[in-house]
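Please keep the sequence and the model in view while reading.

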Amino acid sequence: MATQHTSENFISSPELPAQPGTQQRTTGKLLATQGYVVGVEISGSGSRQSVALADLNGKILYRVRRPLEHIPDTETVLRLLDDMLVEVMAPERLLDGRILRVGVAVGGLVDATRGVVRTLHHAQGWDNFPLQEYLAERLAIPCIIDNNANAAALAEVQSGAACAAAAEGSPRRAERIVLYVGLGRGIGGGLVVNGQIYHGATCTAGEIGHMVVKENGPKCSCGGFGHLEAIASAQAISRTMIGLSIEYPETEAAIRRVTGARAERITAEQVFQLAAAGDPIAQGVVENVHTYLGMALANIVYLVNPGMIILGGQVAQAGDLLIAPLQARVSALCLPAVSQSVRIVQSQHGSEANIVGAVTLALQDV
Ligand SMILES: [Zn+2]
């Protein structure tokens with residue numbers, strides 16, 4: 001089935017000059033006052049999908065999640081998405097019009113200009129998959145895909161932490177240059193400049209999880225060593241904590257206590273809490289996160305000079321246990337003139353940032 005663009009709902013935006021390399025994004029300014037958008041979230045391992053129906057204000061009206069216990073192949077994910085889309089797009093939910101656009105937030109490298117998934121680091125079989133075209137043809141609805149941290153960054157700017165700062169009348173206009181860091185199973189970054197996602201020359205800007213922060217450091221999901229993700233992601237924090245605890249009975253007991261004897265389920269937030277409660281092993285793990293994440297952020301601050309850095313994902317659930325020492329670390333590493341203008345805050349959309357990001361993508365002027 002061919003993609004049908006309906007001209008009464010979409011026009012190109014004459015006030016915005018075309019940017020080089022973005023011509024293949026075919027959706028235009030959304031002028032409709034009635035109808036819906038759909039957001040789709042695909043995690044970096046392909047094992048956590050969610051699909052949401054939202055109104056044109058971005059309010060999520062209906063949502064389905066189908067988490068899997070294993071890492072599925074591409075076909076399984078696409079079949080699952082089909083089922084979820086059928087459920088979300090059921091005619092009885094669409095009383096106020098039809099679905100105008102679909103936004104997809106993908107936990108991997110995405111060529112947003114061409115709508116192609118380049119790769120998922122935590123799953124096989126996605127290399128160069130033309131997901132945007134696949135969904136647009138299948139659903140006969142214009143579709144836009146991007147990396148999940150980029151999508152989450154946009155959501156935080158339009159309706160989250162950076163948006164709240166603007167509403168408070170922040171004189172520093174912190175919302176103009178915003179870096180979002182998603183500290184989940186992996187680490188992703190998204191940079192929003194003057195309300196637009198900064199993609200870079202080949203759509204890989206913001207892949208800060210793979211910045212080298214420690215020579216000869218631990219192995220990363222991408223195969224490299226000493227990358228930020230291998231030290232400060234939720235998975236790295238939990239794994240390191242469990243690995244180190246084997247030699248320390250008191251720490252092992254503390255882990256069993258907070259996890260109900262399911263040590264393998266310890267969360268990054270629990271590691272931060274154990275550290276705050278005085279466990280020396282947890283303190284070592286947390287210290288490493290502050291050191292290397294602090295170093296990475298300080299380096300980014302020198303290059304980009306963001307007004308705000310927003311931390312999201314599971315690790316950010318640790319709140320001030322993560323953020324206050326990190327702010328101090330960045331201040332210590334940067335010249336005052338550089339660091340005093342940057343505020344590090346927690347994501348407002350929290351664990352919903354990616355799906356809200358997918359909906360935000362769908363609502364974009366592009
Ligand atoms: Zn890496």
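## A parallel strand pair

The model is predicted. Strand β6, residues 99-106, and strand β9 pair in the parallel sense, and five bridges connect them. Within this pairing, V104 stands opposite I145 of β9. Strand β9 spans residues 143-147 and is mostly covered, since five of its five residues are buried.

R101 also has its place in strand β6. With a relative accessibility of 0%, R101 counts as buried because the cut-off for that class is under 20%. The side chain of R101 reaches the backbone oxygen of A362 at 3.4 Å.

## The surroundings of I42

I42 belongs to strand β3, which covers residues 36-42. Its relative accessibility is 1%, so I42 counts as buried. When neighbours within four places in sequence are left aside, I42 is in contact with R48, Q49, L81, V104, A105, V106, G107, W126 and L131. V104, one of these contacts, is the residue that stands opposite I145 in β9.

I42 and A358 are 316 residues apart in sequence, and their C-alpha atoms are 9.7 Å apart in space.

## The chain as a whole

The chain has twelve helices and 14 strands. Of its 366 residues, 53% count as buried. Among the contacts in the chain with a separation of 6 or more, 66% are accounted for by residues 24 or more positions apart.

## The zinc site

Which residues coordinate the zinc ion? The zinc ion is coordinated by H210 and H227, each through its ND1 atom, and by C220 and C222, each through its SG atom, at 2.0 to 2.3 Å. The four donor atoms subtend angles of 97 to 119° around the zinc ion, and the arrangement is tetrahedral because of these angles. For comparison, ideal angles at a metal are 109.5 degrees for four tetrahedral donors.

In sequence, the donor residues follow the spacing H-x9-C-x1-C-x4-H. H210 and H227 are 17 residues apart, and both lie in the loop between β12 (196-197) and α5 (229-232). H210 is buried, and H227 is buried as well.

The loop between β12 and α5 is also the place of H199. Is H199 buried or exposed? At 17% relative accessibility, H199 counts as buried, because the limit for that class is under 20%. The side chain of H199 makes a polar contact with the side chain of D146, at 2.7 Å.

## An open sheet and a helix across it

Five strands form an open sheet in the order β12-β11-β10-β13-β14, and the pairing in this sheet is mixed. The edge strands are β12 and β14 (343-346), each of which pairs on one side only. In general, strands of a sheet pair through backbone hydrogen bonds, either parallel or antiparallel.

Strand β13, residues 308-312, pairs with β14 in the parallel sense over four bridges. In this pairing, I309 stands opposite I344 of β14. Helix α9, residues 280-304, lies across β10 (177-183), β11 (187-193), β13 and β14. Relative to β10, helix α9 runs at about 160°.

## Loop residues

Most residues other than glycine have a negative phi. N194, by contrast, has a positive phi near 50°. N194 is found in the loop between β11 and β12. N305 likewise has a positive phi, near 55°, and its place is in the loop between α9 and β13. N305 is partly exposed because its relative accessible area is 44%.

Y248 has its place in the loop between α6 (234-245) and α7 (249-259). With a relative accessible area of 40%, Y248 is partly exposed. Y248 and P280 are 32 residues apart along the chain, and their C-alpha atoms are separated by 9.9 Å.

Notes:
Residues numbered from 1 in each chain as written. Predicted model: local features only at pLDDT ≥ 70, side-chain atom pairs only at ≥ 80, totals over all residues. Heavy atoms only, no water. Donors = N, O, S within 2.8 Å, 3.2 Å for Na, K, Ca; no water. Tetrahedral: all angles 85-135°; square planar, octahedral: opposite > 155°, others 65-115°. Helix = DSSP H or I, 4+ residues; strand = E, 2+ residues; numbered from the N terminus. Buried < 20%, exposed > 50% of the residue type's maximum accessible area, 1.4 Å probe, protein only. Pairing = 2+ DSSP bridges. Polar contact = N/O pair within 3.5 Å; in protein donor to acceptor, adjacent residues only side chain to side chain. Contact = heavy atoms within 4.5 Å. Axes fitted to C-alpha atoms, helices over the stretch in contact; angles between N-to-C directions.
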